[in-house]
Amino acid sequence: MTPTPHLTDIAALMERPAPFQPVDRSLLPDAGTATVDIVVPVHNEERALPGCLHTLHARLSEGFPFPWRITVADNASTDDTLATARRLADELPGVGVVHLDRKGRGLALRTVWGASDADIVAYMDVDLSTGLDGLLPLIAPLASGHSDLAIGSRLAPGARTVRGPRREFISRCYNGIIRLTHGVRFTDAQCGFKAARTEVLRPLLKVTRDDAWFFDTELLLLAEHNGLRVHEVPVDWVEDVDTRVDVVSTATDDLRGLWRMARLKASGGARVAVRPRPAPAAEHPDAVLAPATRRGVLSWEVGCFLAIGVVSTVGQALLYWLLRGWWTPAVANLISLFVLTVLNTEANRRLTFRYSTTPPTRAHLGAGGLFVLGYLVTSGAVLWFRWLDPGASPAAETAVLATASVAVTGVRFAVLRLAVFAGPRSRTS
């Protein structure tokens, strides 16, 4: 892969350098001072670009409370996109142009963001599918220092979308796969509406590798993995069917990217030298705080583990009872135990041991060993019971299975706490 241009090389790329447009403080006396560079990556967008820039420029000029500029990042267009961008840059103050001779949205963003002298960098798609009412809520938490990255989400509570069922289905499936395989908390990885504080973004950009559409997901996975705060903004989003995205090939590339990122995390290569956020502290000078002890954490872990265990045991018993009508005790127990083990492990990872930095892959692999133990113990108990009483009913078998599952619970908690989820915590406990 050709290396991305460095900060010192950007001058050769910036064909129309644009100054930040100042804020009229007579109209906005409380305006901020953080500078914002909004990048619009384009490839063969001569039709859509004029409407995008005129609309965006007008909205920013009407009262955006931060000094701003717009940078058009043309990546290897073969039509008149570059000429259109140059003409618009001459026409509209605060619009700059960067031309890259290679195609790729990720490449364009990594290049321009990595070289920007703005305090905050952002990007949006040229079709303006995301409503611009979400721009200020996207920038404000970054300007205040509250968050490190901000993303528009079409799947967060309060978001409103107008798009076809095919794209809706693919989007929800893809984001579900990300949450299942990487345990992330953000809801929408690929909405073309994101921003970041430049000082925390640059170390992440050095680790990113994707030049195309997976760049967004890659960046967010790195951010969460390194403890950065990602702020989500529910947005209004209207699908533009004149798109350059090949959904099938993009989905394939995204799945490959998720596998690459999982391996990078497992190897430790995804760790980036970013400044950690300070631990939460009480604002009130007379606040009465609990003593710094692990006792409260242990109480939470035991209570939450038991609650999840009760639900899991009931769920396994019900599933076993349903499956027992079709299959033998061993097969019904295997399937019910497998399903509930996966759900139980994920619930404990997200709730019981929620401050552990153990990655999802390791958590589920560790639970796999406990799955084997649980299966042997519970199956052995059921088979032993049937040997003692061959005419026993499925209900009696279910009761024996539940009793054996409870017996395994204590061992499971000790192993999860002391081995699977052992190690550093994401906050001071």
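I started with contacts, meaning heavy atoms within 4.5 Å: among those in the chain with a separation of 6 or more, 80% join residues 24 or more positions apart. A reminder to myself: this is a predicted model, where local features need pLDDT of at least 70 and side-chain atom pairs count only at pLDDT 80 or more, while totals for chains, interfaces and linings use all residues. Residues are numbered from 1 along each chain as its sequence is written, and side-chain values use heavy atoms, leaving out hydrogens and water.

Next I looked up the overall build. The C-alpha trace spans about 90 × 55 × 40 Å along its principal axes. I found 13 helices and nine strands in the chain, taken as DSSP runs numbered from the N terminus (helices H or I, at least four residues; strands E, at least two).

Then I checked burial, which means under 20% relative accessible area with a 1.4 Å probe, protein chains only. Buried residues make up 48% of the 429 residues.

I turned to helix H12, residues 360–388. Among the buried residues of H12 I noted Pro360, Leu370, Phe371, Val382 and Phe385.

Last, I visited the UniProt record. The unreviewed entry places "domain: Glycosyltransferase 2-like" at residues 38–202; such annotations may be inferred rather than shown by experiment, with feature names shortened and positions in the numbering used here. That span is 41% helix and 22% strand, and its end C-alpha atoms lie 16 Å apart.

Terms used: The expected span of a helix is 1.5 Å times one less than its number of residues. Buried means under 20% relative accessible area, exposed over 50%, partly exposed in between (1.4 Å probe, protein chains only).
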